[in-house]
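Colleague: I'm new to reading models like this one. Could you walk me through how the labels are decided?

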Amino acid sequence: MALPRFSGPSDLHLHSDRSDGTQPPAEVMRAAHRHGLRTVALTDHDTTAGWAEAAQAATSLGMTFIPGMEFSAKHRWRSVHVLAYLIEPDDPALRAETSRVRRSRMDRARTMADRISRDYDLTWDDIVAQTTDGATVGRPHIADALVAKGHVRDRTEAFAGILNPDGDYYVALYAPDPVTAVALVAGAGGVPIVAHPAGRAGVLPHDLLEEMIDAGLAGFELGHRENRAEGVHTLARLCAQRDLIVTGSSDYHGAGKPNVPGEHTTSDEMVARILARGTGSAPVHP
Ligand code: AMP
Ligand code: FE
Ligand code: FE
Ligand code: ZN
């Protein structure tokens, strides 16, 4: 067997300002390197736009770069995030659906801005000012605009109040169902792994998880600060039974969240399994 060309520690879930992180991709890679990481993935929401910059920065720092994306899906009202490693970025089916989600995110942010502006001093331009050109727009950018206007202290406060799904301003975004999302990622040669699968909302229904596995789901991100112990326990059993991949990661968003690079990591064995399974794009070695 060939020796693996990467080494740990590995953190495979990091965000840049191509979505809702607060730093450009190269800066994210520098932060990861400062925290001692040797293998990293960039997983911006519904975009691969940061790959080239991140790969260049990561490899120049001696790290292995794994291309990724965090693909939005939805089960009924609940958002489900599918990490998509090593996808073919130009796969037509995946690209079409990703574009649809991104367009919906834009429409939805405008509608939310309209609703919020009835009660707070906030314009669409305030929100645009918080995004970099072409970035995947999300509630975090609305949060940043609310902070800039002095309506809330930070993103956390915005999400707990004005941006909360239970509130009057919330608008849902379009996203494919989780089985479709998994199939699209697998169809693009990618390795689909459910992000933070045991959060506050609990684990997805077992039947749905089985369908997702049948559609090509590769594993679960069991190491994540938002996961709850009970759900992790349930999913760890499923992973053992079905021989699935288990990852751990930080979900770093720069200053947008308290998460720090490397706070959870993925074992070398599991990184090797991801690399062996993904065929849509290749890791970039230093
Ligand atoms: P959206 O996809 O636009 O509905 O927004 C969800 C995004 O907001 C997720 O990707 C999270 O990274 C981010 N997010 C959710 N809750 C919080 C929070 N309390 N503080 C900061 N960011 C959050
Ligand atoms: Fe995010
Ligand atoms: Fe997520
Ligand atoms: Zn994430």
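Colleague: Is the crossing of helix 8 and helix 9 left-handed or right-handed?

Modeller: The crossing of helix 8 and helix 9 is right-handed. Please keep in mind that this is a predicted model. A crossing is given that name when the near helix is turned clockwise from the far one by less than a right angle.

Colleague: At what angle do the axes of helix 8 and helix 9 cross?

Modeller: They cross at roughly 35°, and the axes come within 13 Å. Helix 9 covers residues 229-242.

Colleague: Which residues make that contact between helix 8 and helix 9?

Modeller: From helix 8 there are H206, L209, E210, I213 and D214, and from helix 9 there are L235, L238 and R242. Sorted by type, these residues are four nonpolar, one polar and three charged.

Colleague: What makes helix 7 roughly parallel to helix 8?

Modeller: Helix 7 (residues 178-187) and helix 8 (residues 206-214) pack at about 20°, with axes 9 Å apart. Angles under 35 degrees count as roughly parallel, so helix 7 is roughly parallel to helix 8. The contact uses P178, V179 and V182 of helix 7, together with L208, E211 and M212 of helix 8.

Colleague: Let's turn to the ligand. Which residues come nearest to ligand 1?

Modeller: Of the 14 residues around ligand 1, the nearest are H45, R105, R108, R139 and H253.

Colleague: How do you know that R108 makes a polar contact with ligand 1?

Modeller: A polar side-chain atom of R108 lies 2.8 Å from an oxygen atom of ligand 1. The cut-off for such a pair of N or O atoms is 3.5 Å, so this pair counts as a polar contact. For H253, an N or O atom in the side chain is 2.9 Å from an oxygen atom of the ligand, and for K257 a polar side-chain atom lies 3.0 Å from a ligand oxygen.

Colleague: Now the backbone. What kind of peptide bond joins G8 and P9?

Modeller: A cis peptide bond, with omega of about -5°. P9 sits in the segment before strand 1 (10-14).

Colleague: And what is the phi of R76?

Modeller: Phi is positive there, about 55°, although R76 is not a glycine. You will find R76 in the loop between strand 3 (64-75) and strand 4 (78-85).

Conventions
Residues are numbered from 1 along each chain as its sequence is written. Chains are lettered from A and ligands numbered from 1 in the order in which they are written. This is a predicted model: local features need pLDDT of at least 70, side-chain atom pairs count only at pLDDT 80 or more; totals for chains, interfaces and linings use all residues. Side-chain values use heavy atoms; hydrogens and water are left out. Axes are lines fitted to C-alpha atoms, for helices over the stretch in contact, and angles run from 0 to 180 degrees between N-to-C directions. Helices (H or I, at least four residues) and strands (E, at least two) are DSSP runs, numbered from the N terminus. Angles under 35 degrees count as roughly parallel, over 145 as roughly antiparallel, 65 to 115 as roughly perpendicular and the rest as oblique. Contact means heavy atoms within 4.5 Å. A residue is near a molecule or strand if one of its heavy atoms lies within 4 Å of it. A polar contact is a pair of N or O atoms within 3.5 Å; within protein, one must be able to donate a hydrogen and the other to accept it, and residues adjacent in sequence count only if both atoms are side-chain atoms. Ala, Val, Leu, Ile, Met, Phe, Trp, Tyr, Cys and Pro count as nonpolar, Asp, Glu, Lys and Arg as charged, and the others, Gly among them, as polar.
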